[in-house]
Amino acid sequence: MTTPFWDPGQYLRHAGHRARPFTDLLARVPDLPAPAPRIADLGCGPGNVTVLLTQRWPTAHVTGYDNSPEMLDAAHTGHEGPTPGGGHLDFARADARTWTPEEPCDLIVSNATLQWVPGHAERFGDWITGLRPGGALAFQVPDNVDAPLHALMRELAGTPRWKGRLAGVLRRTDSVHTPGAYLDRLARLGCAADVWQTTYFHVLTGEDPVLDWVKGTGLRPALTALADDPEARDAFLGEYRDLLRQAYPSAPYGTVLPFRRLFAVAVKGA
């Protein structure tokens, strides 16, 4: 899969909708073991939801990690520094495929990132080892690779016109495991695991809002692969836009985008 070029501005165009699952995830995280907890956010992006960690745990030292220079630049500029509750928020470059805590953590959290990390479930053991007793690993991932949003993208990328340019570029259909598979793996690692799914019905507004949404996330690998050929990129976007208009018709109040997500909170035993 192509390593995508991330655009913080495009990503943040739907910041409110994208932040809601993270808020729902944090609501299920129990009290942390340390009064001034150490928290790591894997795949922090531009830092806009990482800030929510400092609101829930005002005294925490929170570090957001990402491997995108563009996202980290936005996070450093917009959010880094002391927090009102006496904690601190900073950001560092790291890859979730290899990152391991350098010091004991009270919470390791990841928001809509692990679907981009092949073999991410194999990393759970290292991350849980890096937690203090009573600490938690919490994550949420999009669980909709079978939805029209992605299925139409894959179908279009596999047509004769695009197959040579986009073969192997898009997210794999097995990039997210079943809820039962996550629960089993986390429980076998000695954690009390809470796993669930939620489908959000986002009401989007504006011209071709579903295309605008996916341009900030799932479409990034294709846009990156076609970046050196603007004419081809625009042609692909035009074909994909027409397919999305049929799959997600607009209504007088906006365009509804059903979006299923998978959540997990695993608490390490004492």
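## Strand S9 and its partners

A hairpin of two residues links strand S8 to strand S9; strands here are DSSP runs of E with at least two residues, helices are runs of H or I with at least four, and both are numbered from the N terminus. The structure is a predicted model, in which local features need pLDDT of at least 70, side-chain atom pairs count only at pLDDT 80 or more, and totals for chains, interfaces and linings use all residues. Residues are numbered from 1 along each chain as its sequence is written, and side-chain values use heavy atoms, with hydrogens and water left out.

Two strands are taken to pair if DSSP finds at least two bridges between them. S8 (residues 250-251) is antiparallel to S9, with two bridges, and Ser-250 lies opposite Thr-255 of S9. Strand S7 (residues 191-204) also runs antiparallel to S9, joined by 14 bridges; Gln-197 stands opposite Leu-262 in S9. Strand S6 (residues 131-142) pairs with S9 in the antiparallel sense through seven bridges, and Ala-264 of S9 is the bridge partner of Phe-139.

S9 spans residues 254-268 and is mostly covered, with 11 of its 15 residues buried. Buried means under 20% relative accessible area, exposed over 50%, and partly exposed in between, with a 1.4 Å probe and protein chains only.

## Helix H6

Helix H6 (residues 148-157) is largely enclosed by the rest of the structure, because seven of its 10 residues are buried. These are Leu-149, His-150, Ala-151, Leu-152, Met-153, Leu-156 and Ala-157. Their cover includes helix H7 (160-166), helix H9 (209-214), helix H11 (230-247) and S9, where contact means heavy atoms within 4.5 Å.

A cavity is a set of points, on a 1 Å grid over the protein atoms alone, where a 1.4 Å probe fits but cannot get out; lining residues have an atom within 4 Å of a point. Grid points are joined across faces, edges and corners, and a volume is the space filled by probe spheres set on the points. One cavity of 30 Å³ or more is found.

The largest cavity has a volume of about 50 Å³. Its lining consists of Val-145, His-150, Met-153, Arg-154, Leu-170, Arg-171 and Gly-218.

## Overall fold

The protein contains 11 helices and nine strands. Of its 270 residues, 52% are buried. The C-alpha trace spans about 55 × 40 × 40 Å along the principal axes. Among contacts between residues at least 6 apart in sequence, 81% join residues at least 24 apart.

Methods
1 Å grid on protein atoms, 1.4 Å probe; cavity = no way out; pocket = protein on both sides within 12 Å on 5 of 7 lines; lining within 4 Å.
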